[in-house]
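User: I've got this one open on the screen and want to go through it piece by piece. Can you take my questions as they come?

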Amino acid sequence: MKLLGKLSLVLLVVVLTAVIPVVSNIGSAQATQPGPASDQITFTRVDLSQVPDAIGSGQIDMYYYALRPLQAQQIQQSVPNATLWQAPAGLMDLILNPAPVSVVTLNGTLNIKQAAAALGVPLAAIVGFSVQGNQTIVELGANPNTSSINPFAFKAVRWAMNYLVDRDTVVSQILKGFGVPMYTFLSQYDPTYTIIADIVAKYEFRYDPSYADSIITNALTAVGAQKVGGTWYYGGKPITINFIIRIEDERYDIGNMIATDLKLLGFNVNILPMRFTDAINTVYGTDPMEFQWHIYTEGWGKGGVTKWDTSSIAQYGAPWFGYMPGWQEPSFWNYQNSTIDDLTTRIYMGNFTSQAEFTQLYRQATEMIIQESVRIWIATRLDTWVTTSQVQGITLDLGAGLRGIWNVREAFIPGKSSLTIGHLWVYTAGDAWNYWGGFQSVYYFDQLYATYDPMVWNHPFNGEPIPFRTSYIVNTAGPTGKLDVPSNAVMWDVNSKQWVPVPNGTKATSMVIFDLSKLIGTKWHNGMTITMADVAAVWAYSFDIAFDPVYSSLEPRIASNLQPTLSLIKGLVFDAQNKRLIVYIDYWFFDTNYIASMAAAAGVANPLEIHTVTWQLALDQRNQTNLVLYQRKGYQWFSLVYPDHVALVKDTLQTYLNNQTVFQKANAYADGFLTMDEWNARIQADLNWINTYGNAWISQGPFMLVKFDKDAQQAVYQAFRDPTYPFKKGDWYFGKPITTLIGGYTLSSVIPDKILPGSPANITVTVNGVPPLHLEYIIKDAAGNILVADYAQQINDTAFQITLPENFTTNLDYKSTYYLILLAYSDVIAVPDMRRVELATASTAEALQYMNSLNQEAISRLSNALNQSINDIYTKISNLNQQMSTLNTSLTSFIKEQIQSVASILEGLADIANATQSSLANFQSSTSNQLSSLSSDVSSIKSTLASVQTTLQGVATSSDVEALKSQVSTLQNLVYATLGLVVITLILGGIALVRKK
């Protein structure tokens with residue numbers, strides 16, 4: 001069920017692809033008839049080795065399994081009618097078996113040291129410890145009493161495996177460059193990667209077998225293992241590792257490469273090559289403590305791109321989700337980590353109050369999952385798919401690539417009514433067609449897309465949840481508020497098996513109103529009308545399998561996965577009159593589309609009576625049928641397309657006609673929306689369908705499954721053209737995205753292409769894509785330490801600047817290499833682009849050379865400035881000299897004129913004095929003394945005036961100017977002497993710099 005309601009990653013063997021830009025328009029491909037672009041599609045098995053010939057000859061039009069890199073190159077060069085498509089759609093990892101070799105129960109409440117002493121084992125041998133009541137449960141990774149050991153039960157050994165994977169060689173040699181290394185469950189192509197990029201950068205494990213050997217040696221010797229003659233022994237027996245390696249694709253080469261390194265470290269490696277079905281049944285269908293496997297080469301295929309990851313982190317690291325060893329099967333030993341469970345449950349269930357808190361939880365859980373190392377991530381594959389060049393209507397999903405939900409609906413060849421799609425497998429015993437526990441592989445999941453419309457799906461370019469079969473309105477009081485749940489809302493009571501009103505006072509964080517007008521009133525593939533009965537029933541069955549004590553114990557893996565989501569539901573309103581479903585849910589997310597996605601927990605994939613018969617055969621009558629909904633050892637995995645299972649379904653449905661007991665039970669699940677006449681009509685339609693098509697997979701999507709031949713490995717799908725089907729050709733066509741790509745970058749520094757420690761530097765980066773764009777950056781040293789992680793400053797729509805100030809570069813070493821990680825992304829196209837750049841710092845010699853050149857430049861600038869100043873002084877002196885000469889001439893002429901005027905006046909005064917003297921002669925006898933004094937004063941005035949005239953004639957002479965020039969020359973000599981001393985000082989300073997480092 002989780003796969004039908006939400007995007008997921010499914011088991012496979014995959015290849016990934018870099019994203020391709022540009023968008024085209026399907027315009028002319030629009031059609032008015034309901035249903036998909038092609039009238040028929042046929043899935044057929046084609047081995048990878050046969051693909052080039054199958055495409056070239058026209059045997060197939062598309063191939064849904066990712067090509068091997070060499071095949072892609074071959075097709076590109078030799079098949080002229082082929083078109084290649086690429087997207088980062090697949091992941092590869094190793095899953096390690098962390099199970100203990102023994103679980104011992106001791107009476108009493110002991111501490112771990114006491115338990116070790118009681119068992120007579122080294123403390124390091126204990127890998128699990130808990131106290132339950134009056135008993136102590138001890139898990140041993142090595143047990144000397146049984147001479148048994150599991151190296152991967154020890155966290156240190158699992159951690160060491162990170163250094164035993166040569167990711168660079170895998171990408172360059174095995175994947176031929178069609179991939180990028182991975183260090184955790186998200187790759188650089190996942191939108192949520194942007195919030196953990198610095199954590200991943202911190203754990204970019206290098207390939208270092210010697211370092212791995214040292215860690216493993218310390219761990220194993222601590223528990224009593226010994227290496228003798230280069231081989232590890234425990235209890236006198238070689239330590240053996242059962243390594244299941246898939247053989248269909250590059251994982252075979254990868255597995256053998258890692259097996260070789262394990263052998264070189266001293267392990268006895270038992271290589272178990274297997275295909276899909278055998279591998280799946282062994283790894284996921286057996287108790288980890290049986291040790292039928294220790295390592296497995298896992299592969300995953302994306303179902304689409306997700307803007308904000310809330311589930312993958314749980315899927316790949318948290319026990320509760322059911323994808324960690326033990327798989328939540330109660331009869332198996334199960335890996336446990338309560339802290340990771342708590343963190344990822346909070347992430348999944350929206351138990352946070354802000355985007356910042358979500359980010360904090362996600363980062364904390366990511367780091368713990370990396371440190372636990374139950375999965376060792378290898379690479380994201382840049383998958384390559386092929387179609388003939390005639391195929392049109394392709395949407396390149398940035399998560400699923402060609403395998404996206406869109407292409408079975410929209411792909412077509414002009415003038416041709418059908419398409420043939422090749423796949424690695426069409427039938428596999430390692431999966432099943434049932435809504436509740438099937439569709440675990442890409443092989444079945446890809447076919448499911450053709451038959452089923454989900455309520456909500458993610459946009460192929462930005463990963464944002466969007467309405468698919470049902471539009472919606474979200475109303476939330478979150479993160480801290482609550483809404484009242486109305487009295488007409490109901491909940492399924494697993495004990496009384498009926499819908500009951502919600503208790504008074506019930507509250508919920510959010511409300512989602514789903515418009516079911518494109519679902520209710522339309523037809524199932526068998527011609528019957530989809531009603532609110534189908535909607536209510538699938539919710540009731542979901543609650544049943546999650547919370548009914550019997551059913552949940554029969555299907556614990558399904559229950560474990562459903563319980564967190566369904567526990568959030570506080571009430572449902574089945575508004576049949578208005579074709580609405582109202583979901584009240586205790587869930588908040590900072591992007592309200594995620595609230596709608598969470599509320600669409602139960603997808604309406606099959607008619608309610610198909611669920612009824614499924615319940616009876618795989619749950620109520622399990623002892624008689626030996627059927628299960630989810631794979632379990634010793635049982636058959638129930639499938640609505642396998643002939644013997646279909647026969648059981650048919651026989652059981654026949655007993656439902658006019659069967660009041662079954663009808664009333666089914667109608668209770670349907671909240672009373674059924675009538676007996678409708679029930680009988682549905683049963684008869686189902687029987688007619690089975691008789692006609694030989695399968696019981698009845699759904700509501702663009703294609704009907706009309707043939708499933710497991711022996712011939714072929715499935716045929718016919719277009720569903722019923723007038724009530726709400727979509728037509730072109731409705732789900734998006735084309736190709738304009739992807740975000742990091743263009744060039746420029747380092748601006750005082751030394752070209754190098755950073756000078758202690759000097760500022762700027763890095764300008766160009767990003768191409770759909771605005772608004774963002775750029776994050778991380779700088780690491782050669783040892784892998786993160787020095788800075790931040791956002792670049794945006795200059796314009798496509799340019800960003802990273803500023804490295806002096807106080808940062810001061811701490812950089814001379815003549816060293818640093819690593820700049822750039823991560824660019826768009827709000828519109830969610831898949832980021834990442835680039836790694838080497839940054840070099842200058843050597844001390846280059847620094848000294850630069851400083852000397854800087855000093856010479858400074859000296860030259862100073863000398864030029866001084867010379868200019870001196871020239872300016874000379875010019876001013878010359879001008880002053882000229883001005884003074886002119887002034888001297890002017891003053892001399894003026895003074896002469898003034899002296900002549902004064903002399904004339906004095907002569908007049910003399911005449912007056914003489915006249916006065918003559919006139920006063922008569923008074924001489926009485927005033928002779930006064931006249932004598934006056935005459936003396938007049939003479940003194942004449943003398944003073946003559947002296948003033950002489951002085952003025954000597955102002956600003958040429959000798960004064962020459963004296964001033966002499967002083968300026970002395971100043972110039974002093975400047976040059978000072979500059980010489982500066983040069984000597986700088987040379988001495990450079991010698992000190994060379995010594996410092």
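User: How much of the protein chain counts as buried?
Analyst: Of its 997 residues, 55% count as buried. Buried means under 20% relative accessible area, exposed means over 50%, and partly exposed is in between, with a 1.4 Å probe and protein chains only. This is a predicted model, so local features need pLDDT of at least 70 and side-chain atom pairs count only at pLDDT 80 or more, while totals for chains, interfaces and linings use all residues. Residues are numbered from 1 along each chain as its sequence is written, and side-chain values use heavy atoms, with hydrogens and water left out.

User: How many helices and strands are there?
Analyst: The protein chain has 28 helices and 40 strands. Both are DSSP runs numbered from the N terminus: helices are H or I with at least four residues, strands are E with at least two.

User: And what share of the contacts join residues at least 24 apart?
Analyst: 74%, counted among contacts between residues at least 6 apart in sequence. Contact means heavy atoms within 4.5 Å.

User: Now the core. Which residues have the most contacts inside the largest one?
Analyst: F514 and W539, in a nonpolar core of 271 residues. A nonpolar core is a set of buried Ala, Val, Leu, Ile, Met, Phe, Trp, Tyr and Cys residues joined through side-chain atoms within 4.5 Å.

User: Which element gives the most to this core?
Analyst: Helix α16, with 12 residues.

User: What does F514 touch, apart from its neighbours in sequence?
Analyst: Setting aside neighbours within four places, the contacts of F514 include M455, Y472, L581, V583 and A600.

User: Which residues belong to the second core?
Analyst: That core is separate and has 23 residues, among them I755, V767, F808 and V837.

User: Back to α16. How far does it reach?
Analyst: Helix α16 covers residues 532–547, 16 residues in all, and spans 23 Å from its first C-alpha to its last. That is close to the 22 Å expected at 1.5 Å a residue, where the expected span is 1.5 Å times one less than the number of residues.

User: Why call α16 largely enclosed?
Analyst: Because 15 of the 16 residues of α16 are buried, the rest of the structure largely encloses it.

User: Aromatics next. How many pairs are there?
Analyst: A search of the whole structure finds 66 aromatic pairs. Rings of Phe, Tyr and Trp (its six-membered ring) pair if their centres lie within 6.5 Å; planes under 30 degrees apart are stacked, over 60 edge-to-face, and the rest tilted.

User: What kind of pair do W320 and Y348 make?
Analyst: Their ring centres are 5.4 Å apart and their planes at 65°, so the pair is edge-to-face. W320 sits in the loop between α11 (312–317) and α12 (338–349) and Y348 in helix α12, so the pair ties together parts 28 residues apart in sequence.

User: Are those two buried or exposed?
Analyst: W320 counts as buried at 9% relative accessibility, and Y348 counts as buried at 4%. Another edge-to-face pair is W499 and F543, with ring centres 6.5 Å apart and planes at 85°. W499 lies in strand β24 (residues 498–501) and F543 in helix α16, 44 residues apart. Both W499 and F543 are buried.

User: Which cluster do ring pairs build?
Analyst: The cluster includes W499, W539, Y541, F543 and F547.

User: Switching to sheets. What is the order of the one with β34?
Analyst: The order is β33-β34-β38-β37, an open sheet of 4 strands with antiparallel pairing. Two strands pair if DSSP finds at least two bridges between them. The edge strands, each pairing on one side only, are β33 and β37.

User: How many bridges join β34 and β38?
Analyst: There are 6, between strand β34 (residues 761–768) and strand β38 (residues 799–804). A761 has L804 of β38 as its bridge partner, and N762 has T803. β37 (residues 793–794) pairs with β38 over 2 bridges, and a hairpin of 4 residues joins these two strands.

User: And where is S759?
Analyst: S759 is in the loop between β33 (741–748) and β34. At 14% relative accessibility S759 counts as buried, and beyond neighbours within four places it contacts V750, L804, E806 and T809.
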